[in-house]
Each structure stands twice: as structure tokens, then as C-alpha cells.
Amino acid sequence: MPLLKDILYKAPLLSTSGNMEREIRGISFDSRQVGRDHLFVAVRGTQTDGHRFIGMAVDRGASAIVCETIPDNPAGGISWVQVKDSQEALGIIASNFYNNPSRSIRVVAVTGTNGKTTTVTLLYNLFVKLGYATGLISTIHNRINSRVLSSTHTTPDPIQLNQLMSEMAAEGCTYCFMEASSHALEQRRMAGLKIQAGVFTNITHDHLDYHKTFDAYISAKKRLFDGLDRNAVALINADDRHGSVMVQNTAARVKTYSLKVPADFKTKIISNTFQGIELNMNDRVCWFPMVGEFNAYNLTAA
């Protein structure tokens, strides 16, 4: 079992008290799922505040608590960790707890209003046919090689996400293709992950019930590219005027794709019928049993 001090590595710590050498059997941000010697992370969510359930987590056996605000009368015998941002800390802690599985496989994350599911599924199918052991995290379902797992969110919570990737690594996967929703990026669910490539498909005025403003929605998507390092690749749709905004602050190598303007990967639609679509992709003619300009974009991204 990992030690508390080890799974806190790189988390945004403000203060610690108690035994940092204790072994941690599991981690949770839901007090109902806490067991003996678990770490409970109190997250402030959109529906409720995890700080309200710290007492319940302690009663259920939590031996360590991560929170933004330490209670006025903290329970004795507990390891207390104060952090700047519990959501970000949860992602980093989950990655550490599962031995940072995203560093053992190549993770490609696709974000955008439309096309995420199709693009990651195309990539998964392509790499499987090329003979790679491959994982998929999507709205429809998750896959570890040929094994199909149910999906409840476009992007799982940090604990499920790292558990999935840990299973992928254990089963020999070398690639994982995942959808990165704006909700997940805003809620830091992907904090702690190493992303090898980020893909931007497009953005339209959706999800404003959650993000409130279009600028906030753009900023949420942009987090994916802000977090890429200089060894990663950022691939953007040059036909979407917000594509260049996504990579304004990225350290990654930027590549572009397009159907309308000059780009690193340029596609032209030759024919588009009910039987399929014929494309000229960087001077190579290809035919696919898919229809519509939107799928020309998805195919080019993949």
C-alpha cells in the first residue's frame, strides 16, 4: 500500500499535520464509499460541499483527510492535509495512488463541442487494426483492448479515470484515446495525467447552462492545451476561429488540420453520397463508409 506522503507528491499543499507515513488503502471523495485507512478528499462540487461530510468519513474509518478548510475542532489521530484546490489535488493524488498510469501509456485527449466520440472511436478502431493494445474512454463506453466497460460520464472522475488507465497499463495497452469534456476540464478531473497529444475539433454555443458564458466555455476547453508540455502535440481545427485561441499559451508543438484553409493536414471532399465519402487527404485519395462534411473533419483529425 502507498504511503500518504507519496500520494501527496506534487499536490497543491498549504499545510499538513499528523502522520504522513501512514499507509493508505484507498481514496474517495464520496464519504459513503470510505473504508478503513482510506484517504477522504473533501471537494466543493456544484451540488454539495464535501467538507460537510468530513465527520462521516472519519466515522467510517478515514485515517487521512484532504480539504481546503480544516475543521475548527479536527479529530485526533487523523492526518490532516490542507490544499489550495481540492479538485486539482484529487486528480494528482489519484494519479499517484495508481502509480501514475498515464506515464506508462500514450494518452491522446480529444476536446470540442462536436466530434469527440467519433474521433476517439475512429482512433481506437484504427490502432486496434494496426495491432496495438489500445484503451478507449468515451461517452458511449470504455474499452480495454476488446473488453467493454460501461460509461457513466464523457470523462470519468479522477479516481475512476486513473483506475481505468491502471488496468489498461496492466493489460499491456500502449495507447489510450479519451474524450475530454469541458465539465471535466473545468473540474480538474484530468489533473495529474500526462497527455501526449491534445486534439481540438470545434466549439459552438452549447453547455452555457453550466459554464454561464461562452468565454468561460472556451477557457475550460483551453485548459487541455495549457497543460501540455513541450514534448506533446496540440492538433487544432484551423477552420474553427477559436482553434488558435486554444494554443495561445501551450508549450506543445502545434499542428493544424483543415478542409478550407492551408494546414499541416489538408483534406478536400471529392464526393459525398449516401454510400460514403471520398476524400483527398494530403494528396492521398481515401474512401470511407461515412457521410457528411462533419465526418470529413473527424476523419482528418483522426
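The legends below describe close-up views of a predicted model.

**View 1. Strand S4 and its side chains.** Strand S4 covers residues 64-67. Ala64 and Val66 point one way from S4, while Ile65 and Cys67 point the other way. In a regular strand, side chains alternate between the two faces of the sheet. All four of these S4 residues, Ala64, Ile65, Val66 and Cys67, are buried.

**View 2. Pairing of S4 with strands S3 and S5.** Strand S3 (residues 38-41) runs parallel to S4, and 3 bridges join the pair. Opposite Ala64 of S4 stands Leu39. S4 also pairs in the parallel sense with strand S5 (residues 79-83), here over 4 bridges. Val81 in S5 is the bridge partner of Val66.

**View 3. The β-α-β unit that includes helix H2.** Helix H2 spans residues 54-59. Together with S3 and S4, H2 makes a β-α-β unit, and the unit is right-handed.

**View 4. Helix H3.** Residues 86-97 form helix H3, which has 12 residues. From its first C-alpha to its last, H3 reaches 16 Å, close to the 16 Å expected at 1.5 Å a residue. H3 is mostly covered, with 10 of its 12 residues buried. Among the buried residues are Leu90, Ile92, Ile93 and Phe97, as well as Ser86 and Asn96.

**View 5. A nonpolar surface patch around Leu130.** Leu126, Leu130 and Tyr132 make a nonpolar surface patch of about 290 Å². Leu130 sits in the loop between helix H4 (116-129) and strand S7 (134-137). Leu130 is exposed because its relative accessible area is 54%, and exposed means over 50%.

How values were computed. Residues are numbered from 1 along each chain as its sequence is written. This is a predicted model: local features need pLDDT of at least 70, side-chain atom pairs count only at pLDDT 80 or more; totals for chains, interfaces and linings use all residues. Side-chain values use heavy atoms; hydrogens and water are left out. Patches are made of residues with over 30% relative accessible area and no salt bridge: like charges are joined within 9 Å, nonpolar side chains (Val, Leu, Ile, Met, Phe, Trp, Tyr) within 5 Å. Accessible areas come from the Shrake-Rupley method with a 1.4 Å probe; for residues, only the protein chains shown count as cover. A salt bridge is a side-chain nitrogen of Lys or Arg within 4 Å of a carboxyl oxygen of Asp or Glu. Helices (H or I, at least four residues) and strands (E, at least two) are DSSP runs, numbered from the N terminus. Buried means under 20% relative accessible area, exposed over 50%, partly exposed in between (1.4 Å probe, protein chains only). Two strands pair if DSSP finds at least two bridges between them. A crossover is right-handed if, with the strands pointing away from the viewer, the path from the first strand over the helix to the second runs clockwise. The expected span of a helix is 1.5 Å times one less than its number of residues.
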